[in-house]
Amino acid sequence: VVAVGGPCPVVSLSYCSYLGGANTEYGTRIAVDRAAHRYVVAGMTTSDDFPTPEGAYDRLHNDLWYADDIFLSTFSTADHTLIGSTYFGGRYGESLRALELDSAGNVFIAGNTDSDDLPVTPGAIDPGLWGYYDGFVTSLTADLGSLRWSTYLGHDKFNVATALEYDPDGYLYVGMGSWFGPLDFAHAPGTSAVIFKLDADD
């Protein structure tokens with residue numbers, strides 16, 4: 001905190017904690033659910049022993065050669081206890097680019113993956129890996145115990161889902177970049193920006 005023209009204000013630390021396992025973690029996103037008095041922390045991990053309580057959607061680090069899996073952890077805003085935590089990913093690497101919550105506390109994540117076995121759900125818009133790496137969008141329940149839906153997004157070469165915005169009318173907007181291999185409906189050469197509008201509940 002920088003004060004211009006006066007003394008720096010006193011800033012007190014109200015809470016601090018480590019979160020992780022024996023290897024490397026990168027916390028990249030935080031979302032606050034004020035109605036449920038909790039917050040969600042998300043990022044990437046290479047640890048096999050990242051804390052995942054009973055009932056987590058995925059308690060195993062999925063990647064080979066200590067590549068990154070995504071982690072999601074939810075904490076109480078009252079006493080900062082760990083409520084839930086899970087891995088998410090396939091056998092190669094994932095990067096988390098966006099995190100969003102809906103009005104019911106369901107969790108949405110987006111990013112990119114080069115895993116050909118990323119969890120997807122029946123009826124997914126895009127059920128498989130097409131490029132060197134593809135974007136993905138995934139929704140989990142508020143307790144991080146179940147996968148609601150998940151899909152790849154992409155086609156040839158390099159595709160990254162970079163932004164999420166939840167619409168209270170029940171839609172999820174996804175911003176993507178597609179490099180040197182445009183999506184089927186985006187026939188611009190080189191780099192293309194794409195926006196998806198998805199049903200947030202399906």
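This is a predicted model: local features need pLDDT of at least 70, side-chain atom pairs count only at pLDDT 80 or more; totals for chains, interfaces and linings use all residues.

If you want a place to look, find Ile70, which stands opposite Phe88 in β4.

Now the other sheet I want to show. This one is also open, with 4 strands in the order β5-β6-β7-β8 and antiparallel pairing. β5 and β8, the latter being residues 147-153, stand at the edges with a single partner strand each, so one side of each has no neighbour in the sheet. The twist averages 15 degrees from one strand to the next.

We can go across it pair by pair. β5, residues 94-101, and β6 are antiparallel and share 7 bridges, with Glu94 opposite Thr113 in β6. These two strands form a hairpin with 5 residues between them, and Gly105 in the turn has a positive phi of about 90 degrees. On to β7, residues 134-140, which is antiparallel to β6 and joined to it by 7 bridges. There, Asn112 stands opposite Gly135. Then 6 bridges join β7 to β8, again antiparallel, and Ser139 stands opposite Trp149 in β8.

How many residues of β6 are buried? The count is 7 of the 7, residues 107-113, so the strand is largely enclosed by the rest of the structure. In a regular strand, side chains alternate between the two faces of the sheet. In β6, Val107, Ile109, Gly111 and Thr113 point one way, while Phe108, Ala110 and Asn112 point the other way, and all are buried.

Back to β5 for a moment, because Glu100 is found in that strand. Glu100 is buried yet has no salt bridge, and the nearest side chain of opposite charge, Arg34, is 9.7 Å away. What does the side chain of Glu100 reach? The backbone nitrogen of Tyr166, at 2.9 Å. Beyond its neighbours within four places in sequence, Glu100 has contacts that include Val107 and Phe108, as well as Leu164 and Glu165.

Side chains of opposite charge can pair when their charged atoms come close. The structure holds 4 salt bridges, and I will mention some of them.

Asp33 forms one with Arg38, the closest N and O atoms being 3.2 Å apart. Asp33 is buried at 9% relative accessibility, and Arg38 is buried too, at 6%.

Glu54 and Arg59 meet in another, at 3.1 Å from N to O. Here Glu54 is exposed at 70%, and Arg59 is partly exposed at 38%.

Asp201 forms a salt bridge with Arg148, the closest N and O atoms being 3.0 Å apart. Asp201 lies in the segment after β11, and Arg148 in strand β8, so the pair ties together parts that are 53 residues apart in sequence. Asp201 counts as exposed at 52% relative accessibility, and Arg148 as partly exposed at 25%.

That is all I have.

Note on methods: Residues are numbered from 1 along each chain as its sequence is written. Side-chain values use heavy atoms; hydrogens and water are left out. Buried means under 20% relative accessible area, exposed over 50%, partly exposed in between (1.4 Å probe, protein chains only). Two strands pair if DSSP finds at least two bridges between them. Axes are lines fitted to C-alpha atoms, for helices over the stretch in contact, and angles run from 0 to 180 degrees between N-to-C directions. Lys and Arg count as positive and Asp and Glu as negative; His and the chain ends are not counted. A polar contact is a pair of N or O atoms within 3.5 Å; within protein, one must be able to donate a hydrogen and the other to accept it, and residues adjacent in sequence count only if both atoms are side-chain atoms. Contact means heavy atoms within 4.5 Å.
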